[in-house]
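Dear colleague,

I am handing over the structure we spoke of, with the sequence alongside.

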Amino acid sequence: MRATVKILDAYTDRYSIFINPEDAKAAKLHPDDLVKIESGKRSIYGSLVISSFVQPGEVGVSKDVLQLYHLSEGEVVEVVPAGTPESVRYIKKKMHGEKLRKVEIEAIVRDIVDRKLRDIEISSFVTALEINGLDMDEIAALTIAMAETGDMLDIDRKPIMDVHSIGGVPGNKTNILVVPIVAAAGLTIPKTSSRAITSAAGTADVVEVFANVTFSLDEIKRIVEKVGACLVWGGALNLAPADDITIKAERALSIDPTGLMLASIMSKKYAMGSQYVLIDIPTGKGVKVETIDQARALARDFIELGKRLGQYVEVAITYGGQPIGHTVGPALEAREALSALMTGKGPGSLIEKATGLAGILLEMGGVAPPGAGKRMAKEILESGKAWEKMKEIIEAQGGDPNIKPEDIPVGDKTYTFVAPTSGYVTAIHNRAITGIARAAGAPEDKGAGIELYVKVGEKVKEGDPLFTIHAENEARLEQAIVYARRTEPIRIEGMVLQRIGNI
Ligand SMILES: O=P(O)(O)OC[C@H]1O[C@H](OP(=O)(O)O)[C@H](O)[C@@H]1O
Ligand SMILES: O=c1cc[nH]c(=O)[nH]1
């Protein structure tokens with residue numbers, strides 16, 4: 001059918017295309033059908049919404065469609081059913097556990113980026129990968145397809161360093177320290193991060209509390225050429241654009257299939273032109289990788305994938321058995337990260353991990369002799385040079401370099417849990433901590449999260465505070481309290497562990 005474009009003041013994030021019920025009936029179109037708008041030589045795909053928001057003869061487009069394609073109000077276009085894309089057959093192949101060919105993977109990625117695959121099909125793809133996995137040939141094909149369907153950054157500096165965590169551990173604000181330490185030593189590190197996938201705050205969510213993270217590639221190039229580093233959101237760029245789309249499905253399901261994780265991380269590194277990449281694999285109970293053997297196997301995959309992409313990759317297997325530092329959630333983590341950078345001091349887990357990772361990068365980049373990287377990283381942090389560099393990054397990214405951590409607002413609806421008994425903290429359950437912070441509204445509500453007052457091994461007396469939940473509204477706080485009561489996030493045990501009577 002021919003129709004006149006009407007730009008709707010709606011943002012559905014589902015690439016919605018609206019037509020009037022009369023037109024839908026005549027054209028035999030149904031809600032959520034994949035439809036195609038043909039405008040000149042372009043084809044624009046979206047999901048159909050049938051609504052009287054538009055008159056007969058009009059086609060309404062939501063604002064998210066316009067982010068991808070330019071359409072003008074009043075333009076006359078053709079609207080036709082798009083049919084099922086061939087890539088759906090390849091997704092089904094993976095559902096049945098079959099190996100995908102390179103061209104099939106390329107077709108899936110292309111259709112994700114072009115929005116020919118709707119959310120429901122993308123979630124099926126993600127689920128099929130969670131269940132049936134990918135081998136290294138498939139992962140390499142997926143990585144390259146994800147990178148090549150987007151733009152590539154070309155910075156005329158050498159070497160280009162990069163760091164990326166596979167995530168999963170709550171409170172992992174580590175790379176917000178690593179990046180300025182490495183850049184303060186004179187190395188170039190254009191760091192992109194995703195938003196939270198399974199956690200309550202991804203690095204991009206935390207940095208966004210005190211600086212912009214959404215930039216075009218040209219802007220990033222200018223920032224990196226000026227200050228040698230950035231801490232930005234990869235999803236804002238047309239950089240591996242399929243990544244942010246699949247991450248949305250992963251976040252909803254709180255899963256991160258291994259093959260897709262490898263491709264997600266390495267496609268971003270490849271597109272940023274990174275030559276020396278350090279991957280952090282937090283390992284421990286309740287995170288993505290629970291044992292050292294699994295971590296080693298994953299490390300081998302990252303290194304092998306790096307070789308296929310022409311990148312030198314090293315992996316750090318790090319302790320992930322409990323949260324990093326004392327805060328979880330965007331604003332609370334931003335406070336803790338900035339305070340550690342400002343003072344050079346902070347929780348042992350955060351400082352140890354950040355200087356350990358930065359030290360490896362300093363050695364990989366050739367500015368520290370082998371074995372001396374961590375000491376050098378600590379000196380840079382403690383001398384205030386990392387904080388000076390961070391202020392440059394914040395300013396270049398449009399934030400206030402004179403920001404004080406305590407000025408960052410956090411959720412003012414709070415509830416503190418106390419120790420029910422005296423004893424020792426024998427476990428802090430990662431998944432429960434993340435679940436509580438998410439129930440409180442993180443990462444979307446920046447002020448939501450958790451402040452932890454104890455870590456594993458510490459002694460507590462009955463009634464001592466264990467953790468405070470912060471939320472931005474009462475309903476979320478209540479949900480988080482209920483979640484916390486159900487899950488026992490912190491286990492306290494005395495010296496008598498169990499009492500057993502007559503058996
Ligand atoms: O913990 P979850 O949410 O699963 O993992 C996602 C987080 O892990 C990575 O961290 P970084 O950017 O390397 O610091 C991603 O970029 C993202 O911030
Ligand atoms: O960037 C990331 C980090 C973890 N897992 C992913 O899939 N992507």
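What follows is a short account of the surroundings of the ligand and then of one serine.

Please keep in mind throughout that this is a predicted model, and that the distances below are computed from its atoms.

I began with ligand 1, which sits in the largest cavity and is surrounded by 16 residues, the closest being Ser 165, Gly 168, Ser 193, Thr 198 and Thr 203.

Which residues have polar atoms that lie 2.7 Å or 2.6 Å from an oxygen atom of the ligand? At Ser 165 a polar backbone atom is 2.7 Å from an oxygen atom of ligand 1, whereas at Ser 193 an N or O atom of the side chain is 2.6 Å from an oxygen atom of the ligand. Lys 288 also takes part, with a polar side-chain atom 2.7 Å from an oxygen atom of ligand 1. Taken alone, ligand 1 exposes 430 Å², and the protein buries 96% of that area.

The other site is Ser 47, which lies in strand β4, spanning residues 42-50. Ser 47 counts as buried because its relative accessible area is 6%, and the cut-off for that term is under 20%. Leaving aside residues up to four places away in sequence, Ser 47 touches Arg 14, Tyr 15, Ser 16, Ile 17, Asp 32, Asp 33 and Arg 118.

With best wishes

How values were computed: Residues numbered from 1 in each chain as written. Chains lettered and ligands numbered in written order. Predicted model: local features only at pLDDT ≥ 70, side-chain atom pairs only at ≥ 80, totals over all residues. Heavy atoms only, no water. Helix = DSSP H or I, 4+ residues; strand = E, 2+ residues; numbered from the N terminus. Buried < 20%, exposed > 50% of the residue type's maximum accessible area, 1.4 Å probe, protein only. Contact = heavy atoms within 4.5 Å. Near = heavy atom within 4 Å. Polar contact = N/O pair within 3.5 Å; in protein donor to acceptor, adjacent residues only side chain to side chain. Areas by Shrake-Rupley, 256 points an atom, 1.4 Å probe, with all protein chains shown as cover. 1 Å grid on protein atoms, 1.4 Å probe; cavity = no way out; pocket = protein on both sides within 12 Å on 5 of 7 lines; lining within 4 Å. Sits in = over half its atoms within 2 Å of the grid points.
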